[in-house]
Amino acid sequence: MSKRRPYVRPMDGWWKKNPYFVEYMVHEGTALFVAAYAFTLLVGLVRLGQGEAAWNGWLEALKSPLSLAFHAVLLVAILYHTYTWFKIMPRTLPPIIVGGKKLAPATITGGGLMAALVASLVLLGLVWRIAQ
Amino acid sequence: MSESQKTIEIEVLRYNPETDQAPHLQVFQVPFADDMSVLQGAQYIKDHLDGSLSFRWSCRMAICGSCGMMVNGEPHLSCQTFLRDYYPARVRIEALSHFPIERDLVINMEGFIDKLESIQPYIIPKEKRSLAQGEYLQTPEQLNAYEQFSSCINCMLCYAACPQFGLNADFVGPAAMALLHRYNMDSRDGAAEERMELVAAEEGVFNCTAVGYCSEVCPKQVDPANAVNINKTNAAKDYFLRFLSPKGGSK
């Protein structure tokens, strides 16, 4: 009879066992903040559809100290999500060959962050002009 | 051991299937020298302190892929990990994570071998070629397309780094998928459509959530995460393009 009895270790709390996994879980967790912000904007759209009073009520609610604090937290979480998103991007893209050479991971990450920054600034500029 | 001899504590996860219900830690005092690898530490224990300690090793130079183990919770080849990087603190060594433990530091790799077989890890030529037609020719660019993915030494560190494999042992996993990609990318091969069935299957690439740690721990810079994620795109393309022109091996 075989003396073999392979032992399978439990996976409980696996993500706490390595700093790399903690960072991964924080990255995945911050996606909820991205969703929360999208939901906030969606509520604004619904309120707009309900008429002027509802829309103004939503605008007022956004100005409350609680809402401002919430948005500050959202901003930090979304910035972190953006950073870790582009950090993993070189691992998820097919090789990009430029001038016969594979593009370096740092260039891909840097390019992604740049694109996010430019897109944010363009959007901010547009909203700014509309608000004038 | 002289009085002035420095020692380091090595804590080993022990498991004897004949006597133990579960693994337990045991600490050994090992004479320390600057040039000692973690593997040499384990060998000292086996030779001088406890001959029953079981672990795999062969080449001692990071090419055979046998001596992978968890060193302070991180997957490493123990032959190229040095005790001096931990001294004077205690070092903990354990069998590779996410694999069943056979005994002490020896894991059960049967599942991995099955996965390697399942990806058809050999060139399946596009068309039959007779000897008289001569060898297949390949340009440096065609070689570049797969060379990185052919450097895998089957050490399984990437599996020990992959929580999704830990949570679902059926996941084909990083190394096997990197090897699958290696053959798909080979200009001499014509079986990418056949292999697509496995890529897109329940146990295929979509188990991956892009943790990325597999590529971090790879001692040969294979970047298996890249192979897995490129094949997510390939599987999605195959799925949607099949509506336009039905083909491919996926069911």
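Predicted model: local features only at pLDDT ≥ 70, side-chain atom pairs only at ≥ 80, totals over all residues.
Chain A contains 4 helices and 2 strands. Their order along the sequence is α-α-α-β-β-α. The radius of gyration of chain A is 22 Å, well over the 14 Å that the globule rule gives for 132 residues, so chain A is more spread out than a compact globule. The C-alpha trace of chain A spans about 80 × 50 × 25 Å along its principal axes. Of the 132 residues in chain A, 3% are buried. Contacts between residues at least 6 apart in sequence were also examined in chain A; 44% of them join residues at least 24 apart.

An unreviewed UniProt entry lists residues 21-46, 66-86 and 107-131 of chain A under "transmembrane region". In the model, residues 21-46 of chain A are 100% helix and 0% strand. The end C-alpha atoms of that stretch are 38 Å apart. Residues 66-86 of chain A are likewise 100% helix and 0% strand. Here the end C-alpha atoms are 30 Å apart.

The contact between the two chains takes 18 residues from chain A and 25 residues from chain B. On the chain A side, helix H1 (19-49) and helix H3 (65-92) each supply at least two residues. By class, the chain A residues that touch chain B comprise 11 nonpolar, 2 polar and 5 charged. Both listed stretches described above, 21-46 and 66-86, are helical in the model.

Chain B is divided into domain 1 (7-107) and domain 2 (110-244). The C-alpha centres of these domains of chain B lie 30 Å apart. Across the boundary, 14 residues of domain 1 of chain B are in contact with 13 residues of domain 2 of chain B. On the domain 1 side, S3 and strand S4 (74-77) of chain B each give two or more residues. S4(B) gives the most to that side, with 3 residues. The domain 1 side of this contact in chain B has 8 nonpolar, 5 polar and 1 charged residues.

The largest nonpolar core has 68 residues. Those with the most contacts inside this core are B:Ile93, B:Met156, B:Cys158, B:Tyr159 and B:Leu179. Several elements of chain B give two or more residues to the core, among them strand S1 (7-14), helix H1 (38-49), strand S3 (68-71) and helix H9 (224-244). H6(B) provides the largest share, 7 residues. The core draws at least three residues from each of domain 1 (7-107) and domain 2 (110-244) of chain B.

Helix H6 (174-184) of chain B is one of the elements contributing to this core. In H6(B), 11 of the 11 residues are buried, so this helix is largely enclosed by the rest of the structure. Leaving aside neighbours within four places in sequence, B:Leu179 is in contact with B:Leu116, B:Ile119, B:Pro121, B:Phe149 and B:Cys152.

Terms used:
Residues numbered from 1 in each chain as written. Chains lettered and ligands numbered in written order. Rg over C-alpha atoms; globule rule 2.2 N^0.38 Å. Buried ≥ 20, exposed ≤ 12 C-beta atoms within 10 Å, placed from the backbone. Contact = placed C-beta atoms within 7 Å. UniProt positions renumbered as here; feature names shortened; annotations may be inferred. Nonpolar A, V, L, I, M, F, W, Y, C, P; charged D, E, K, R; others polar. Core = buried A, V, L, I, M, F, W, Y, C linked by C-beta atoms within 7 Å. Domains from an automatic or database assignment.
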